[in-house]
Amino acid sequence: MGFNLQLLFTGVGVGSIYALVALGFVLIYRATNVVNFAQGDFAMLGAFAMVVLAIDFELPYGLSIIITLVLLVGFGALFNLGVYYPLRRRSFLPVIISTIGASILLENGVLAAYGPRPQSLPSMIAVPGFSIGEVFFDTQYVVILVVTVVMVALQYIFFERTLIGKKMQATSQDKEMASLLGIPVALMIMITFMYSALLGGLAGVLVAPVLFVTVGMGSSIALKAFAASIIGGFGDVTGAIIGGLALGVIETFGAAYVSVPYKDAFAFLVLFVFLLLRPQGIFGERIAEKA
Amino acid sequence: MRSVARAALGALAAALMVAATNAQAADPIKIGMVAPLTGPGAESGRFQTQGAKLAAEEINKAGGVLGRPLELVIEDDQTTNPGVVLAFSKLAGDADIPAFLGPIRSTQIHAMAPDALKLGKPVMIGGTDPALTHMGNPWLFRFRPNDSYSARVIADFGVKTLGKKKWAIVHSTDAFGTAGMKNLVEALKGQGIEPALVQGYPNNSQDFTPVALAVKQSGADVMGTYMTFEPDQGIFAKQLRQLGVTLSWVGSPTTVTTTALKLAGPALYGSYAVVDFNRDSNPTAKEFAAKYEAAYKSPPDIFASWSYDALHVLANAIGSAKSLDPEKVRQAILAVKGYQGAEGTYNFDKNGDGLHGYNIVKNNDGTVVFDKHIDFDD
């Protein structure tokens, strides 16, 4: 029993990391209809920014988080101007390739600037965790879980209950129509990139104490988060979180009961099954056909 | 104005030619060296060339070899296989070079090995893939213990010194980890032990809970590991301790790298590891480390110690062969027995392996201390 509960807790913890990054994927997808393959690298940048601020410059942890998030919001704007905006009138393919290029550039840029040595970041909570019965609860995973739930709730309220969220949705569904209605499309997309860079950076800040800080950390999480977005249904916030959690739990139990070396295979097997049988994901897209 | 400049250039050229002739008059013995000066291995290349330069200075201060000074001719291999082949063929074209120092990475040595065989001159290497000296190439001489010894030392230390019989093996599923696991299973079989758990994992796993739980459930009292990347090792070590597993741990050299110590912190306290170079393992190592620090203002590591030893052994071999003839130098290297180097005691076997054992070190609350050296006769 303790064995399974431990696996469940870890699976949900890992899954919420995937979900957090998946949220960023979904957000940009909803606004621009393209998948941002540099989303994982936003997390990597956030983690490295924390290492530089909190460890190299020895700033207080909370202040470092705030500066990191501000930096990432700015970076999201730059990313939009450099990677998406010049290609906005092209089809989705050049944009996707552009984000892949940005991802490679970011990883190698950080590698050249900071070197290949992995870094560690302490947790924001000094207590490493607590045990209930046989099950160990890692505090950082608990924090990740809570933050993910909060961010999902905020995102839901933002999109469904605020005017600007609705404007962003309209932009995502039909840019021409939206602009005819007087919605500043370019600004909406700019805000989307800034917010999703912030989300990615937040994921990096939260994940760094658990996974350590390496140049490749973002892309390995992003691959799973991408799978989670497809399983949950690209374009649906609830779907991303359910997909992420399901993926985390499936791969953790698969590893424990079937085979550890094939752990990554379980995630992509689930992805494969979904692509084959239900390509629209668990929740599907509410607007099936997009212009 | 222009003619003045031309005259100055002429004088400079003449001076350079005089300098060149002077150098020729001293007639140094050139030793070719292939090292990663650029690319991902650049950091290790710096150690490697500095170790060799330190040895060359010592040899020349003591009168050189056959009455002639040694001169290192270094070519950059760019840390790539094509780079190694290019660099080596450039050096091989110089008929005045009687012997070479090669790279430390096994894959690159495999890439240049056919050229070394064709050239027929001795090449000192630092790669630890056992196959390198067992594939019929008589010109490769190894100055680090090969990987089959690390597994034997882990098994020997765990069973005989720690007295543990119930083993768990955790390994990366890449080439390094799988080969290490196979060697360790084999070595334990030699001690009459069947491991309670052999558990592989893919590199860059975000979570090791299933692995840690498997180790816990196996009831093992000692664990041997071949883990490739330090972040994986750090996550595993932390989760293992969190789940309350407190068994003895004897790991591959990754377990005590500076990065591993920093990432895992207290989770790795009390663990053991095999390493080929440790400054406290013997007096020569201690002396080497002190000289290296004095010369380069930073402590040496495994990338520096083997090239230092290799140049010394090569110089001795040329001296005792009294010739630069490749075959005579080859025989002289193979005849080296009981040479005390920084990495250990060199006893060359017929395959060209100089070292046959490893040091065991312990992570004593974050500092790495020398525990013992285990050597084998075969």
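The legends below walk through several close-up views of a predicted model.

**View 1. Two chains meet, with 23 residues of chain B in contact with 25 residues of chain A.** On the chain B side, the elements that give two or more residues are β7 (197–201), α7 (209–218), α8 (230–242) and α9 (258–264). By class, the chain B residues that touch chain A divide into 10 nonpolar, 10 polar and 3 charged.

**View 2. The largest nonpolar core has 188 residues.** The residues with the most contacts inside this core are A:Tyr18, A:Val21, A:Ala22, A:Leu23, A:Ala47, A:Val207 and B:Leu311. Domain 1 (10–145 + 281–347) and domain 2 (148–275 + 360–375) of chain B both contribute residues, so the core lies between them. For a look at one member, follow A:Val207: leaving aside residues up to four places away in sequence, A:Val207 touches A:Ile17, A:Ala43, A:Ala47 and A:Ile221. One of these partners, A:Ala47, is itself on the list of core residues with the most contacts.

**View 3. Chain B is assigned two domains, domain 1 (10–145 + 281–347) and domain 2 (148–275 + 360–375).** Both assignments are made of two stretches of sequence, as the bounds show. Taken over C-alpha atoms, the centres of the two domains of chain B are separated by 33 Å. Where they touch, domain 1 gives 4 residues and domain 2 gives 4 residues. The domain 1 side of this contact has 2 nonpolar, 2 polar and no charged residues.

**View 4. Strand β8 (residues 222–226) of chain B is largely enclosed by the rest of the structure, because 5 of its 5 residues are buried.** Follow the side chains along the strand: B:Val222, B:Gly224 and B:Tyr226 point one way, B:Met223 and B:Thr225 point the other way, and all are buried. Which strands does β8(B) pair with? Strand β6 (residues 167–172) of chain B joins β8(B) through 5 bridges and runs parallel to it. Strand β9 (residues 248–251) of chain B is joined to β8(B) by 4 bridges, again in parallel. To find your bearings, look for B:Ile169, whose bridge partner in β8(B) is B:Gly224, and for B:Met223, which stands opposite B:Trp249 in β9(B).

**View 5. A:Glu58 and B:Asn204 have positive phi values, although neither is a glycine.** Most residues other than glycine have a negative phi. For A:Glu58, phi is near 55 degrees, and the residue sits in the loop between α2 (39–56) and α3 (61–84) of chain A. A:Glu58 counts as exposed because it has 8 C-beta neighbours inside 10 Å. For B:Asn204, phi is about 60 degrees, and the residue is found in the loop between β7 and α7 of chain B. Is B:Asn204 buried or partly exposed? With 19 C-beta neighbours inside 10 Å, B:Asn204 counts as partly exposed, since a buried residue needs 20 or more.

**View 6. B:Asn347 lies in strand β12 (residues 345–347) of chain B.** This residue is partly exposed, as it has 16 other C-beta atoms within 10 Å. Setting aside residues up to four places away in sequence, B:Asn347 touches B:Lys337, B:Gly338 and B:His356. B:Ala335 is 12 residues apart from B:Asn347 in sequence and 8.1 Å apart in space, C-alpha to C-alpha.

Key
Residues are numbered from 1 along each chain as its sequence is written. Chains are lettered from A and ligands numbered from 1 in the order in which they are written. This is a predicted model: local features need pLDDT of at least 70, side-chain atom pairs count only at pLDDT 80 or more; totals for chains, interfaces and linings use all residues. A residue is buried if 20 or more other C-beta atoms lie within 10 Å of its own, exposed if 12 or fewer, and partly exposed in between; C-beta atoms are placed from the backbone. Two residues are in contact if their C-beta atoms, placed from the backbone, lie within 7 Å. Ala, Val, Leu, Ile, Met, Phe, Trp, Tyr, Cys and Pro count as nonpolar, Asp, Glu, Lys and Arg as charged, and the others, Gly among them, as polar. A nonpolar core is a set of buried Ala, Val, Leu, Ile, Met, Phe, Trp, Tyr and Cys residues joined through C-beta atoms within 7 Å. Domain bounds come from an automatic or database domain assignment. Two strands pair if DSSP finds at least two bridges between them.
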